[in-house]
Amino acid sequence: MSSDPARIEVLPVLPSLDIAETLAFYRDELGFAQIVHQTPDYLIVRRDEMELHFWRTDDASLPEKTSIYMRGGRVAALHAEYRAKGVRHLTDMQVRPWNMEKFYIHDTHGNLLRFGRVPQR
């Protein structure tokens with residue numbers, strides 16, 4: 001995280017049907033191993049400079065309608081890591097018509113994680 005006090009960071013807060021299941025998926029499959037905060041109703045996990053927040057809900061339709069987009073130069077390395085680990089619901093990395101190289105993962109409750117970067121030439 002940046003130590004610049006003037007920097008404003010935007011952090012996603014995703015719905016979770018079960019905080020323990022969410023933690024297991026993001027920690028064990030996606031490598032968000034640093035647990036910043038955990039209660040039965042809220043979770044914050046971190047991996048390098050990526051930080052995700054989750055709030056507990058009983059409404060199963062919410063995660064099915066929610067997505068986040070993470071963009072950066074390490075996206076190809078993340079995809080290779082996730083492919084090697086056999087992460088569930090991982091798509092191939094493809095250059096989309098809007099000239100972004102992307103892949104997607106649905107988490108255990110249906111949240112859509114979108115990862116993208118400008119294609120390498």
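Predicted model: local features only at pLDDT ≥ 70, side-chain atom pairs only at ≥ 80, totals over all residues.
In what order do the four strands of the open sheet sit? I read β5-β8-β7-β6, with mixed pairing. I counted strands as DSSP E runs of at least two residues and helices as H or I runs of at least four, numbered from the N terminus; two strands pair if DSSP finds at least two bridges between them.

Numbering runs from 1 along each chain as its sequence is written, and side-chain values use heavy atoms, without hydrogens and water.

Next I checked α3 (residues 75–85), which lies across β5, β7 and β8 (112–117). Its angle to β8 is about 130°, taken between N-to-C directions on a 0 to 180 degrees scale, with axes fitted to C-alpha atoms and the helix axis covering the stretch in contact.

**Hairpin.** I then went to β2 (residues 34–39), which runs antiparallel to β3 with five bridges. A two-residue hairpin connects β2 to β3. Q34 has R46 in β3 as its bridge partner.

**Core.** The largest nonpolar core has 24 residues, and Y26, L30, Y82, F103, I105, L113 and F115 touch the most other members. Such a core is a set of buried Ala, Val, Leu, Ile, Met, Phe, Trp, Tyr and Cys residues joined through side-chain atoms within 4.5 Å, where buried means under 20% relative accessible area with a 1.4 Å probe, protein chains only. α1 gives the most to this core, with four residues. I followed up L113: beyond its neighbours within four places in sequence, it contacts (heavy atoms within 4.5 Å) L14, Y26, L30, I68, M70, F103, Y104 and I105.

Last, I looked at the largest pocket, which holds about 540 Å³. Of its 23 lining residues, E49, M50, E51, M70 and R71 are the closest to the centre. β5 supplies the largest share of the lining, four residues. A pocket here is an open set of points on a 1 Å grid where a 1.4 Å probe fits, with protein on both sides within 12 Å along at least five of seven lines; lining residues have an atom within 4 Å of a point.

Notes:
Buried < 20%, exposed > 50% of the residue type's maximum accessible area, 1.4 Å probe, protein only. Points joined across faces, edges and corners; volume = space filled by probe spheres on them.
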